[in-house]
Amino acid sequence: MFGFAVILIGVALGWRWIENPWFRGLHLAAIGVVALMALGGIVCPLTTLENYFREKGGEASYPGAFVGHWAHRLIFFQGPPWVFTTCYVILALMVVGLLVLAPPRSRSEDGQS
(Lines give C-alpha, C1' and ligand atoms only; values in the text may rest on other atoms or scores of the structure.)
Protein backbone atom coordinates (compact mmCIF):
# COMPACT_ATOMS: atom_id res chain seq x y z
CA MET A 1 0.00 0.00 0.00
CA PHE A 2 2.82 2.39 0.87
CA GLY A 3 4.57 1.80 -2.45
CA PHE A 4 1.32 2.34 -4.36
CA ALA A 5 0.71 5.66 -2.61
CA VAL A 6 4.32 6.79 -3.16
CA ILE A 7 4.09 5.97 -6.88
CA LEU A 8 0.84 7.92 -7.25
CA ILE A 9 2.32 10.90 -5.42
CA GLY A 10 5.46 10.58 -7.53
CA VAL A 11 3.42 10.66 -10.74
CA ALA A 12 1.63 13.81 -9.57
CA LEU A 13 4.86 15.52 -8.47
CA GLY A 14 7.01 14.35 -11.37
CA TRP A 15 9.44 12.27 -9.32
CA ARG A 16 11.68 10.38 -11.76
CA TRP A 17 12.93 7.78 -9.28
CA ILE A 18 9.52 6.10 -9.14
CA GLU A 19 10.15 4.95 -12.71
CA ASN A 20 13.05 2.75 -11.57
CA PRO A 21 12.40 -0.73 -13.03
CA TRP A 22 13.82 -2.52 -9.97
CA PHE A 23 11.60 -0.61 -7.56
CA ARG A 24 8.54 -1.17 -9.73
CA GLY A 25 9.31 -4.85 -10.32
CA LEU A 26 9.81 -5.52 -6.61
CA HIS A 27 6.61 -3.64 -5.82
CA LEU A 28 4.64 -5.75 -8.30
CA ALA A 29 6.26 -8.96 -7.08
CA ALA A 30 5.44 -8.17 -3.44
CA ILE A 31 1.73 -7.58 -4.03
CA GLY A 32 1.64 -10.50 -6.47
CA VAL A 33 2.92 -12.87 -3.78
CA VAL A 34 0.37 -11.51 -1.28
CA ALA A 35 -2.49 -11.91 -3.76
CA LEU A 36 -1.44 -15.44 -4.77
CA MET A 37 -1.07 -16.51 -1.15
CA ALA A 38 -4.51 -15.13 -0.35
CA LEU A 39 -6.04 -16.88 -3.37
CA GLY A 40 -4.38 -20.12 -2.28
CA GLY A 41 -5.59 -19.76 1.29
CA ILE A 42 -2.01 -19.64 2.55
CA VAL A 43 -1.38 -17.76 5.79
CA CYS A 44 1.68 -15.52 5.66
CA PRO A 45 4.70 -17.22 7.26
CA LEU A 46 5.33 -14.08 9.32
CA THR A 47 1.82 -14.36 10.79
CA THR A 48 2.50 -17.98 11.69
CA LEU A 49 5.81 -17.03 13.29
CA GLU A 50 4.21 -14.15 15.20
CA ASN A 51 1.49 -16.41 16.57
CA TYR A 52 4.12 -18.98 17.59
CA PHE A 53 6.04 -16.38 19.58
CA ARG A 54 2.85 -14.96 21.09
CA GLU A 55 1.91 -18.41 22.39
CA LYS A 56 5.46 -19.03 23.67
CA GLY A 57 5.27 -15.70 25.49
CA GLY A 58 1.97 -16.58 27.14
CA GLU A 59 -0.18 -14.32 24.97
CA ALA A 60 -3.16 -15.37 22.92
CA SER A 61 -2.60 -15.71 19.19
CA TYR A 62 -5.17 -14.59 16.67
CA PRO A 63 -6.76 -16.51 13.82
CA GLY A 64 -6.31 -15.57 10.20
CA ALA A 65 -3.93 -13.15 8.57
CA PHE A 66 -1.94 -10.32 10.10
CA VAL A 67 -3.44 -7.71 7.75
CA GLY A 68 -6.96 -9.01 8.32
CA HIS A 69 -6.46 -8.96 12.09
CA TRP A 70 -5.14 -5.40 12.19
CA ALA A 71 -7.62 -4.10 9.62
CA HIS A 72 -10.35 -5.43 11.90
CA ARG A 73 -8.73 -3.84 14.93
CA LEU A 74 -8.26 -0.49 13.18
CA ILE A 75 -11.56 -0.08 11.42
CA PHE A 76 -13.74 -2.59 13.28
CA PHE A 77 -14.60 -4.37 10.07
CA GLN A 78 -15.42 -8.00 10.50
CA GLY A 79 -15.57 -9.91 7.29
CA PRO A 80 -14.96 -13.33 5.87
CA PRO A 81 -11.52 -14.12 4.45
CA TRP A 82 -12.78 -13.78 0.86
CA VAL A 83 -13.28 -10.04 1.43
CA PHE A 84 -9.60 -9.56 2.22
CA THR A 85 -8.57 -11.87 -0.63
CA THR A 86 -10.68 -9.78 -3.00
CA CYS A 87 -9.00 -6.61 -1.70
CA TYR A 88 -5.53 -8.10 -2.26
CA VAL A 89 -6.39 -9.13 -5.81
CA ILE A 90 -7.90 -5.72 -6.60
CA LEU A 91 -4.79 -4.02 -5.24
CA ALA A 92 -2.59 -6.27 -7.38
CA LEU A 93 -4.64 -5.31 -10.45
CA MET A 94 -4.31 -1.63 -9.49
CA VAL A 95 -0.52 -2.04 -9.29
CA VAL A 96 -0.53 -3.54 -12.80
CA GLY A 97 -2.65 -0.58 -13.94
CA LEU A 98 -0.14 1.76 -12.36
CA LEU A 99 2.57 0.13 -14.49
CA VAL A 100 0.58 1.24 -17.55
CA LEU A 101 -0.16 4.73 -16.17
CA ALA A 102 3.45 5.37 -15.12
CA PRO A 103 5.69 2.76 -16.76
CA PRO A 104 9.15 2.08 -15.35
CA ARG A 105 12.04 3.40 -17.40
CA SER A 106 15.66 2.38 -17.46
CA ARG A 107 18.42 4.97 -17.31
CA SER A 108 19.19 4.37 -20.99
CA GLU A 109 15.61 5.26 -21.95
CA ASP A 110 16.02 8.61 -20.17
CA GLY A 111 19.02 9.47 -22.33
CA GLN A 112 21.37 9.01 -19.36
CA SER A 113 24.31 6.64 -19.31
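**Helix packing in a predicted model**

The crossing of helix 1 and helix 5 is left-handed, where left-handed means that the near helix is turned anticlockwise from the far one by less than a right angle, and right-handed that it is turned clockwise. Helices here are DSSP runs of H or I with at least four residues, strands are runs of E with at least two, and both are numbered from the N terminus.

Before going further, the ground rules. This is a predicted model, in which local features need pLDDT of at least 70 and side-chain atom pairs count only at pLDDT 80 or more, while totals for chains, interfaces and linings use all residues. Residues are numbered from 1 along each chain as its sequence is written, and side-chain values use heavy atoms, with hydrogens and water left out.

The overall count is five helices and zero strands. In sequence order that reads α-α-α-α-α. The protein has 113 residues, of which 24% count as buried; buried means under 20% relative accessible area, exposed means over 50%, and partly exposed is in between, with a 1.4 Å probe and protein chains only. Among contacts with a separation of 6 or more, 49% join residues 24 or more positions apart, a contact being heavy atoms within 4.5 Å.

Now the helix pairs. Two packed helices are described by the angle between their axes and the distance between the axes. The axes are lines fitted to C-alpha atoms, for helices over the stretch in contact, and the angles run from 0 to 180 degrees between N-to-C directions.

Back to the pair I opened with. Helix 1, residues 2-13, packs on helix 5, residues 81-101, at an angle of about 30°, and the axes are 11 Å apart. That makes helix 1 roughly parallel to helix 5. The classes are roughly parallel under 35 degrees, roughly antiparallel over 145, roughly perpendicular from 65 to 115, and oblique for the rest. On the helix 1 side the contact uses Phe4, Ile7 and Leu8, and on the helix 5 side Leu91, Met94, Val95 and Leu98. By type, the residues of this contact of helix 1 with helix 5 are seven nonpolar, no polar and no charged.

Next, helix 2, residues 21-39, against helix 5. Their axes come within 9 Å and cross at roughly 155°. Helix 2 is therefore roughly antiparallel to helix 5. This crossing of helix 2 and helix 5 is also described as left-handed. From helix 2, the residues in contact are Arg24, His27, Leu28, Ile31, Val34, Ala35, Ala38 and Leu39; they meet Thr85, Tyr88, Val89, Leu91, Ala92, Val95, Val96, Leu98 and Leu99 of helix 5. The contact of helix 2 with helix 5 divides into 14 nonpolar, two polar and one charged.

The crossing of helix 1 and helix 2 is left-handed. Gly3, Phe4 and Ile7 of helix 1 make the contact with Phe23, Arg24 and His27 of helix 2. Its residues divide into three nonpolar, two polar and one charged.

What makes up the largest nonpolar core? It has 10 residues in all: Phe4, Val6, Ile7, Ile18, Ile31, Ala35, Leu91, Ala92, Val95 and Leu98. A nonpolar core is a set of buried Ala, Val, Leu, Ile, Met, Phe, Trp, Tyr and Cys residues joined through side-chain atoms within 4.5 Å. Helix 1, helix 2 and helix 5 each supply at least two residues of this core. Helix 5 gives the largest share, four residues.

Finally, single residues. Leaving out residues up to four places away in sequence, Ala35 touches Tyr88, Val89 and Ala92.

Ala29 is in helix 2 and is partly exposed, at 41% relative accessibility. Its C-alpha atom is separated by 9.3 Å from that of Ala92, 63 residues apart along the chain.

Leu36, in helix 2, is exposed, with a relative accessible area of 60%. Leu36 and Val89 are 53 residues apart in sequence and 8.1 Å apart C-alpha to C-alpha.

From Phe84 to Ala38 is 8.0 Å, C-alpha to C-alpha, with the two 46 residues apart in sequence.

Definitions and conventions: Ala, Val, Leu, Ile, Met, Phe, Trp, Tyr, Cys and Pro count as nonpolar, Asp, Glu, Lys and Arg as charged, and the others, Gly among them, as polar.
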